[in-house]
Amino acid sequence: MFTWLNKQGVRSDAGFEVQFTGRFDADYREAGKVMSIYVESGIHDGQACVIINPDAFDRWNSDAPGVKLPADERERIQQNFTEAMLFQGLKTVVESGAP
């Protein structure tokens, strides 16, 4: 279940938040950690979407360079992000063409 934080962000009762912080930026927040995600707006199959890189969920902002989260953790966070976007009426598209 999601609730709106404001017009740019949502909170899940599962303990995470997703907040757009700029035109090309969104933050995923969970357990006091933040993951900054580069996003582009687009249309996919006629539906508004956000386009993200395949490595968007590799590490928390506070992690040392080169540290990569385990695959199951990255998948869980990506699923959470996707569900938050769907609540906001946006599809999530993973595309290697985004910077």
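**Close-up 1. F87, a partly exposed ring.** F87 has a relative accessible area of 33%, so it counts as partly exposed (buried is under 20%, exposed over 50% and partly exposed in between, using a 1.4 Å probe and protein chains only). Keep in mind that this is a predicted model: local features need pLDDT of at least 70, side-chain atom pairs count only at pLDDT 80 or more, and totals for chains, interfaces and linings use all residues. Numbering runs from 1 along each chain as its sequence is written, and side-chain values use heavy atoms, with hydrogens and water left out.

**Close-up 2. The W4 and F87 pair.** Searching the whole structure turns up 7 aromatic pairs (Phe, Tyr and Trp rings, the six-membered one for Trp, with centres within 6.5 Å; planes under 30 degrees apart are stacked, over 60 edge-to-face, the rest tilted). In this one, the ring centres of W4 and F87 sit 5.4 Å apart with planes at 45 degrees, so the pair is tilted. W4 belongs to strand β1 (residues 2–6) and F87 to helix α1 (residues 71–87), so the pair ties together parts 83 residues apart in sequence (DSSP runs numbered from the N terminus: helices are H or I, at least four residues; strands are E, at least two). W4 is partly exposed too, at 47%.

**Close-up 3. The F24 and Y38 pair.** Here the centres of F24 and Y38 are 5.8 Å apart and the planes meet at 10 degrees, so the pair is stacked. F24 comes from the loop between β3 (16–22) and β4 (25–30), while Y38 is in strand β5 (residues 33–38), so parts 14 residues apart in sequence are tied together. F24 is partly exposed at 32%, and Y38 is partly exposed at 28%.

**Close-up 4. A ring cluster.** Ring pairs join F2, W4, F16, Y28, W60 and F87 into a cluster.
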